[in-house]
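Here are a few notes from my read-through, for you to check against the coordinates. Have a look at the model first, then go through the points.

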Amino acid sequence: MVSQSGANLFASPEIIASTPGAVSSLAIATHNGNTMLVWGEDLPGYLTHTIAKYYDAANGWYPAVQLEDSLWGSSWPSVNHDAQGNFYAVWVESQWSEVVSARFLPSSGWLPAEVVSTGDNVVTPQIAADGNGTVFVAWLQYNFNDPYPGEGKVYSNVRTPTSGWAVAQQLKTAPGGADTPTLAVDSSGRATVMWSQNVGMTDGSPSYGIYFSRFE
């Protein structure tokens, strides 16, 4: 259900989707009255797939769209927008080994999905875009061949309009397992990734530090 505000109060809820399967990992982004909803939905075959539904302020709700058709399903969807009102979704598929993204243009709809990066075990991707078509994704990754496979690593990748997706970069360099990263970007393309990371023990209990890395 979604509720729209008016007269400084939320209106009565309205249902915009009714699914036969369970729903998880809700995400929402809005721009100038337009809204994109993305969620994970259990469909026949007991696989979770990534579903998106668009609200246009002038025309209302568009039909829901399944963004991927992976044999292994998908998880961890997230969504954001840029200054022009384009929307960007990101999710994980292929048994948690691929970060995948797709762009939605109000004039033409969803463009074909693109693989952002592949890894051993990728989770919780976040996505953001600047005002010039540059897109950033950050996520947590566990590398099974790493000396410390249980320690979460923070990775990021960037997509430019001219070159597409670059090579993923590991941002976490200090020892200690990292937790779910968050991502923000301004209109000039200055992106910042922040995360929590174990920095050792204090009086027998784990201690944590807050790390950040900027893309200039």
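Predicted model: local features only at pLDDT ≥ 70, side-chain atom pairs only at ≥ 80, totals over all residues.

1. Start with the hairpin of E8 and E9. Strand E8 (residues 74-81) and strand E9 (residues 87-93) run antiparallel and are joined by 6 bridges. Within that pairing, asparagine 80 stands opposite tyrosine 88 in E9. The hairpin has 5 residues between the strands, and glycine 85 takes a positive phi near 90° there.

2. Next, the open sheet. Its 3 strands come in the order E18-E19-E20, with antiparallel pairing. Strand E18 (182-185) and E20 are the edge strands, each pairing on one side only. On average, and ignoring direction, neighbouring strands in this sheet are turned by 25° against each other.

3. A closer look at one pair in that sheet: E18 and E19 pair in the antiparallel sense over 4 bridges.

4. Now the second largest pocket, which holds about 190 Å³ of space. It is lined by 15 residues, and Phe136, Ser156, Gln169, Leu171 and Phe215 are the closest to its centre. Strand E15 (153-160), strand E19 (191-202) and strand E20 (205-215) are the elements that each give two or more residues to the lining.

Technical notes: Residues numbered from 1 in each chain as written. Heavy atoms only, no water. 1 Å grid on protein atoms, 1.4 Å probe; cavity = no way out; pocket = protein on both sides within 12 Å on 5 of 7 lines; lining within 4 Å. Points joined across faces, edges and corners; volume = space filled by probe spheres on them. Pairing = 2+ DSSP bridges. Axes fitted to C-alpha atoms, helices over the stretch in contact; angles between N-to-C directions.
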